[in-house]
Amino acid sequence: DGIVVAGTGKRGSELNQFSWPRAIFVDNDENLYAVDRDNARVQYWSNHAQCGTTILKHSNARLLLSVKVDTAGNIY
């Protein structure tokens with residue numbers, strides 16, 4: 001069984017929703033980064049947050065296949 005750790009479980013474009021999340025990364029502090037393909041963005045969700053923060057919004061974000069964050073906080 002799975003549990004919802006980010007989002008509402010329903011498709012959408014609000015800050016608490018995803019539309020076709022394509023890739024995720026969880027850092028050492030259990031913060032989540034997600035490529036949200038259909039919304040052409042990368043979302044950041046701090047641990048236990050109710051909503052995400054858009055850290056990248058661009059039509060090319062649809063093409064991202066992964067997201068990684070190093071210990072200095074640089075996003076790749």
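**View 1. Asparagine 39 in the loop between β2 and β3.** Asparagine 39 lies in the loop between β2 and β3, where strands, like helices, are DSSP runs numbered from the N terminus (at least two residues of E for a strand, at least four of H or I for a helix). The model is a predicted one, in which local features need pLDDT of at least 70 and side-chain atom pairs count only at pLDDT 80 or more, while totals for chains, interfaces and linings use all residues. Residues are numbered from 1 along each chain as its sequence is written, and side-chain values use heavy atoms, with hydrogens and water left out. With a relative accessible area of 10%, asparagine 39 is buried; buried means under 20% relative accessible area, exposed over 50%, and partly exposed in between, for a 1.4 Å probe and protein chains only. The side chain of asparagine 39 makes a polar contact of 2.8 Å with the side chain of aspartate 36, and it also reaches the backbone oxygen of glycine 12 at 2.9 Å. A polar contact here is a pair of N or O atoms within 3.5 Å; within protein, one must be able to donate a hydrogen and the other to accept it, and residues adjacent in sequence count only if both atoms are side-chain atoms. Leaving aside neighbours within four places in sequence, asparagine 39 is in contact (heavy atoms within 4.5 Å) with Gly12, Ser13, Phe18, Ser19 and Lys57.

**View 2. The open sheet of four strands.** The strands follow the order β1-β2-β3-β4 with antiparallel pairing, two strands being paired if DSSP finds at least two bridges between them. β1 and β4 (53-57) stand at the edges with a single partner strand each, so one side of each is left without a neighbour in the sheet. Neighbouring strands are turned by 20 degrees against each other on average, direction ignored; the axes are lines fitted to C-alpha atoms, for helices over the stretch in contact, and angles run from 0 to 180 degrees between N-to-C directions. Four bridges join β3 to the antiparallel β4, and valine 42 has leucine 56 as its bridge partner in β4.

**View 3. The largest nonpolar core.** This core has seven residues, namely Ala23, Phe25, Tyr33, Val35, Val42, Val67 and Val69, and β1 (21-26) and β2 (32-36) each supply at least two of its residues. A nonpolar core is a set of buried Ala, Val, Leu, Ile, Met, Phe, Trp, Tyr and Cys residues joined through side-chain atoms within 4.5 Å. Apart from this core lies another, of five residues, among them Ala6, Phe18, Ala34 and Trp45.

**View 4. The aromatic cluster of Phe25, Tyr33 and Tyr44****.** Rings of Phe, Tyr and Trp (its six-membered ring) pair if their centres lie within 6.5 Å, with planes under 30 degrees apart counted as stacked, over 60 as edge-to-face and the rest as tilted; by this rule the count comes to three aromatic pairs. The ring centres of phenylalanine 25 and tyrosine 33 are 6.3 Å apart and their planes stand at 55 degrees, so this pair is tilted. Phenylalanine 25 is buried at 17% relative accessibility, and tyrosine 33 is buried at 9%. Tyrosine 33 and tyrosine 44 also form a tilted pair, with ring centres 5.1 Å apart and planes at 55 degrees. Because tyrosine 33 lies in strand β2 and tyrosine 44 in strand β3 (residues 41-45), this pair ties together parts that are eleven residues apart in sequence.
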